[in-house]
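Please open the model in a viewer and follow the selections below in order.

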Protein chains: 2
Amino acid sequence: MKCRKCGEKAVINMRHHKLSLCQEHYLDWLPTYVEYSIQKYEMFTRQQRILIAVSGGKDSLSLWDILGRLGYSADGLYIGLGIDEGIQYSAESERLTRMFAEQRGLRLHVVNFRDEFGESVPELSSRTRRGKDKPCSVCGTSKRHVMNQVALKEGYDILVTGHNLDDETATLFSNTLNWIPGYLTRQAPVLDNDLPGTVRKAKPLCRIYEREMAAYALLRGIEYIYEECPFSAGSNTIYYKEILNKLEKDRPGDKLSFYIAYLQAKENGLFAHQADPELENIHACPNCGQPTTAPDECAFCRMFSVKEKL
Amino acid sequence: MKCRKCGEKAVINMRHHKLSLCQEHYLDWLPTYVEYSIQKYEMFTRQQRILIAVSGGKDSLSLWDILGRLGYSADGLYIGLGIDEGIQYSAESERLTRMFAEQRGLRLHVVNFRDEFGESVPELSSRTRRGKDKPCSVCGTSKRHVMNQVALKEGYDILVTGHNLDDETATLFSNTLNWIPGYLTRQAPVLDNDLPGTVRKAKPLCRIYEREMAAYALLRGIEYIYEECPFSAGSNTIYYKEILNKLEKDRPGDKLSFYIAYLQAKENGLFAHQADPELENIHACPNCGQPTTAPDECAFCRMFSVKEKL
């Protein structure tokens, strides 16, 4: 297997792109493909102030590296969730993220969830009914709250996350299994800040396979946390990823075409423009000010205000 | 595992319905569930003349049996495709279908494809470019042509097929992977005869698992052809069924909820009503009179008229 650009030994073969590349040309190629997505979906410009959510994993750290190489100015946001039983997941990912930023002279915001809200995310999860059933859901709500809060407070134009193609297709697969119109029609590479109190969001890695991101981090020598979050075992997302990995193995390129065909069909007007009944009730949370469709406080603040009642 | 109705030993456990039943109560229950689908999707009435396409397999023969028990008057249509290499698939399925009809005094139309069109379906497939790539596609076009032709000529009100839930979810899965609007929005338990020259079509088994149909045929003592069509090995449909079987095994009921949630979302107006550009060009095939969107002759007739050119 030879590099298509120079004929040297290839380090990666991307069957869906019919493209094999050597280390040097792969490290060149991936950022240009990320730039293609940024342009295609009109994500952000080099003049805008970008906040990138970094977890210490291969996707977000590699994306931070790539944005810098492409000439975008992005500051980082690390949220210390307090997942520290057993493998010291949060402590290690914070160490790697801080080291990455320091080595490159990048600005990093660090929010320690327990310092800020009085409990770690696992503590919050195990205390609330919702968290007992779905810890990932509580963690997601918490991270979205903090990301939005910091982006608005610090005046960033856009919030960027490291969701890759495997993440996006797992979400899309879940949404098509359930056919919940609100979820199915809303998924996109860019989420506009249509609602007051929210920041615009973008996912520049949405067309890039997880395997390609791992290869980039490895070849670029980025130190990242290899372990998955210990709470993710047995999650829906991991299950759907397994199914899609089988599909991809048998039919290379199916994951990418599943996602792209969805975006294309949506752009061509597949879905009806429906009045979302939920959005009629939208208002600012009386506690934090972020928009919510819940009757009173937002889902995040409610997890704390019910504490007294338990 | 005990029958929920009588407490005797159950022969089947339907986890998605949380229902276990003994032989007697299962044979009672399945027809009432088919009747539920017929009513729910307003498929046909006891006053209408029904033509059921029968292949000699468990689904269509069991459905014919069930329709009779429910008091519907349905005649059969068997199409002899001429798939007779190796296991004598067509000869054996015709023998079983004729035996089924004779034993019950039911009327059966038999169309021998080679007698009617000068070639068997495998011969037609191997002669045409489309058939070399996709024999199942040529076979599907051929069967639809004959079913429509016989239903119209004989004045039936509705054409019924034995597609079960596994068939429907495999089609839905394929359509969601590809996101082709025309296919994705059109799938339904009933296809109306909106176009002149077509017959109304219905699938009364659309909510019933393949496994449930096999159990019914077995317990009812219906003799059917066990073999799959020898050309179906390696087909897309079989592949998608494998994936969905894994999903169903891990998450009982997911196949049924995938299908029902899709129908519900569609009924709730998920999809935009799009002008189908294909339908603008629709006209009667100058050869057979059936509607087509092809420039001149329909896809079926074209397979024969190109014969001279090859």
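Rings of Phe, Tyr and Trp (its six-membered ring) pair if their centres lie within 6.5 Å; planes under 30 degrees apart count as stacked, over 60 as edge-to-face and the rest as tilted. By this criterion, 34 aromatic pairs occur over all chains.

This is a predicted model, in which local features need pLDDT of at least 70 and side-chain atom pairs pLDDT 80 or more, while totals for chains, interfaces and linings use all residues. Residues are numbered from 1 along each chain as its sequence is written, chains are lettered from A and ligands numbered from 1 in the order in which they are written, and side-chain values use heavy atoms, without hydrogens and water.

Select B:Phe44 and B:Tyr72 to begin. Their ring centres are 5.1 Å apart and the planes stand at 90 degrees, so the pair is edge-to-face. B:Phe44 lies in the loop between α1 (23-40) and β3 (50-53) of chain B, and B:Tyr72 in the loop between α2 (58-69) and β4 (74-80), 28 residues apart; helices (H or I, at least four residues) and strands (E, at least two) are DSSP runs, numbered from the N terminus. Both residues are buried, that is, under 20% relative accessible area, whereas exposed means over 50% and partly exposed in between (1.4 Å probe, protein chains only).

Next, select B:Tyr224 and B:Tyr226, whose ring centres are 4.7 Å apart with planes at 55 degrees, so this pair is tilted. B:Tyr224 counts as buried at 11% relative accessibility, but B:Tyr226 is exposed at 60%.

Finally, select A:Phe173, A:Tyr239, A:Tyr240, B:Phe173, B:Tyr239 and B:Tyr240, a cluster linked by ring pairs.
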